[in-house]
Amino acid sequence: MSKHNIVVIGNGMVGHHFVETLVGKQTGHNITVIGEEPRPAYDRVHLSEVFSGRAPEELALATRETYLGWGVAAHFGDPVTAIERQNKVVVTRGGRRFPYDKLVLATGSYPFVPPVPGSDHERCLSYRTIDDLGRIRAGANGSRVGVVVGGGLLGLECANALRNLGLETHVVEFAPGLMGVQLDEGGSRMLRRKVEALGVQVHTRKNTRQIVPGDSHALRMDFADETALETDLIVFSAGIRPRDELARAGELTVGERGGIVIDYKCKTTDSDIFAIGECALFGGRIYGLVAPGYRMAEAVAEQLSGAAGQFQGADMSTKLKLLGVDVGSIGDAHGNSEGAIAYVFSDERAEQYKRLVTSADGKQLLGAVLVGDCEDYDSLLQYHLNGIELPPAPEALIAPNTGERPTLGVAALPATATVCSCHNVTKGDIVGAIDGGCCSLAEIKSGTRASTGCGGCAAMLKNLVDDELSARGIAVDRSLCEHFPYTRQELYHLVRVGTIKTFAALLAQHGHGRGCDICKPAVASIMASLWNEHVLEQPHVGLQDTNDTFLANMQKDGSYSVVPRIPGGEITPEKLVVLGRVAQKYDLYTKITGGQRIDLFGARQHQLPEIWRELVDAGFETGHAYGKALRTVKSCVGSSWCRYGVQDSVAMAITIENRYKGLRSPHKLKSAVSGCTRECAEAQSKDFGVIATENGWNLYVCGNGGMKPRHADLFATDLDDQTLIRYIDRFLMFYIRTADRLQRTSVWLDNLEGGLDYLRQVVIEDSLGIAAELETQMAAIVGTYQCEWKTTIEDPAKLKRFREFVNSDASDSNVVFVRERGQIRPARPQERVRLVTVNERLR
């Protein structure tokens, strides 16, 4: 096919998806992207996460280098102001002209601000872009109360943002209920209960008449029912309006209420101009979700690659987590279809609401509403999308556990069933990938992109892959290593149930051979988690990694580092003097770590006991920096010193660190406690993090830094001290029991079937009935804590391990330092040659 100049106006999520899809088809077209904002496309769906600690850069879907690498000309910050259809040219504000053969309008929408007197006040804002976030953050500075106008999906996201900024938050909605488009009356009512329980005040049936200066706050909203509400900040999120001004000026047909009219090929009334996303009006409807926009983008990309792509409308089902509340809406949630009947389950005590809408004969699922529990969403969506006949008693699909609940296995899904909505991956695509040679979940993710978007389909994808591989007779070997035909989790249970306390006994009963570098440390960790015996005791010392063997981290030159525990990062001047004195005496390189500890580098092996004896005498304990164990609990100064702190984060950090110090686990553990939502301790990048609220503590779990950073998920809110500790006890012990070898909490959660919801059920709701057992086991670990270095220096037999030479007290001459910035550092290779030669000559 001939090559075209393709110009895309708009670089939002849909515009970017179109370019990405078209580039993937390798058509050879010249592609030009013109974005109004000064930055490339980013994820607008998760904008509110910026207020809970996520960096704006992390929302980026592309960079300028991305487009450069694709061969796409991208221009940002210079918006298009005119389309000259006769000349087939678009003109930007800066006067640049771009000719096109085919033009794609992906101009999106803008937030609707009701024409209320006073709505143009400088403290009245909107919520749409990254720049809007900056204005909201600036407006919240010094404010106490914030109002969101609009109780829809975006409005509740925005309310979460204001709440995270520490404002007393109100939602004002014109309609009778929240999320009226997606939820029926019962679901809306339940959502309101849960939102209000989180401290957000909801005002429905409110028609704002005017906005004027307030008496005790900057603004007052006067409502038509003669009531009023004072606030310092108002954010409008009352719906969207399509950006169709360019199309109007270019005399393309638009709808009566806006939107560029398109046909099933997404063509406008000019056959060389397409419109996709929220600016497009298809069948009299503006689609306000990103997935339909993606389908439009793919339809246009198909056509421009010579295929026959069409847009036939899109399913508007959605599953969300708003203010931490699970909300699901499928198909005809309101039951408007002729002859539709409904089944409703409501539990106000558990704050769950579920509604099924079926055909009159009860065989087809037309729609559903889920609030407070979306566990059934995936299965119900498959019934709806694929016309799968419902079981004889459909109500059993949403009823509480009866023991006879019907299930929909992945084998029952047709090949056309959509598994990943983000990237439109069907069961047939996944089966095709397996047929094509993919033999692992990772390969299938890489090959199809399934579960690489929001990740909501992860559990279903894993089930499908396992099912298909099993059907082909492919067994997935989950053995820990060749010496034990069990997973780490299975070995954990064998050790625990059999009260096995040595590696030799475990090998004799459940393994074979002599063991290896994989199974020995794993078993050592399991036994430490269960029995908490000293790691240098004779039965265990041979199982340890190098670092555990010497209770210190070996560095690149063969020397070791020393890291004393400083709970919560709090340290007295006297202890600081001790550390300085020890560092001076042994000439140790000294550095503050990212976890608020002091690292002393350059210790020789034989020096370790001497150094630690002085540190232990001064009251220090080992920081376990060498072990797969709890490392640090970082803290800010909290309410004691900080103007914004609402809780004593230092005291809580010390409590947590002292409670879990010495706890061995499948991987290292880090934690942090922040005294307010400003998050100075970076708690959301930890395996478990705690952020203070005015009502207690919010608990986050399964985050991490490192090579693949992951933000932690909000697990529970407004906990008192005792409940917080109880939940952490259960969470950590459940992780230790069930994680794989060297599996961080983030990866563990990603692989946990049922994900975060399942983890909540286990830890908070005690769905497995093991909560008391987990707490008891943690209490046993806490009660048997010992400082490994203190025990070591009190035992002459253990100290023999630290001699560098069995038959000599001399030190290793291969450890060579040079001085830099007043401290030592390991000599570089060229320096080592010179220094060692000179030293040898001097002898």
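**Salt bridges and nonpolar cores in a predicted model**

Glu351 has a relative accessibility of 23% and therefore counts as partly exposed; that class lies between buried, under 20% relative accessible area, and exposed, over 50%, with a 1.4 Å probe and protein chains only. This is a predicted model, in which local features need pLDDT of at least 70, side-chain atom pairs count only at pLDDT 80 or more, and totals for chains, interfaces and linings use all residues. Residues are numbered from 1 along each chain as its sequence is written, and side-chain values use heavy atoms, with hydrogens and water left out.

Which residue pairs with Glu351 in a salt bridge? The partner is Lys194, at 3.5 Å from N to O; a salt bridge here is a side-chain nitrogen of Lys or Arg within 4 Å of a carboxyl oxygen of Asp or Glu. Glu351 sits in the loop between strand 23 (341-347) and strand 24 (352-358), and Lys194 in helix 5 (residues 185-197), so the pair ties together parts 157 residues apart in sequence. Lys194, at 14% relative accessibility, is buried.

A further salt bridge joins Glu773 and Arg496, with the closest N and O atoms 2.3 Å apart. Glu773 belongs to helix 23 (residues 771-783) and Arg496 to helix 12 (residues 488-497), so this pair links parts 277 residues apart in sequence. The whole structure holds 45 salt bridges.

I turn now to the nonpolar cores. The largest has 60 residues, of which Ile656, Tyr660 and Leu759 touch the most other members; a core is a set of buried Ala, Val, Leu, Ile, Met, Phe, Trp, Tyr and Cys residues joined through side-chain atoms within 4.5 Å.

Note on methods:
Helix = DSSP H or I, 4+ residues; strand = E, 2+ residues; numbered from the N terminus.
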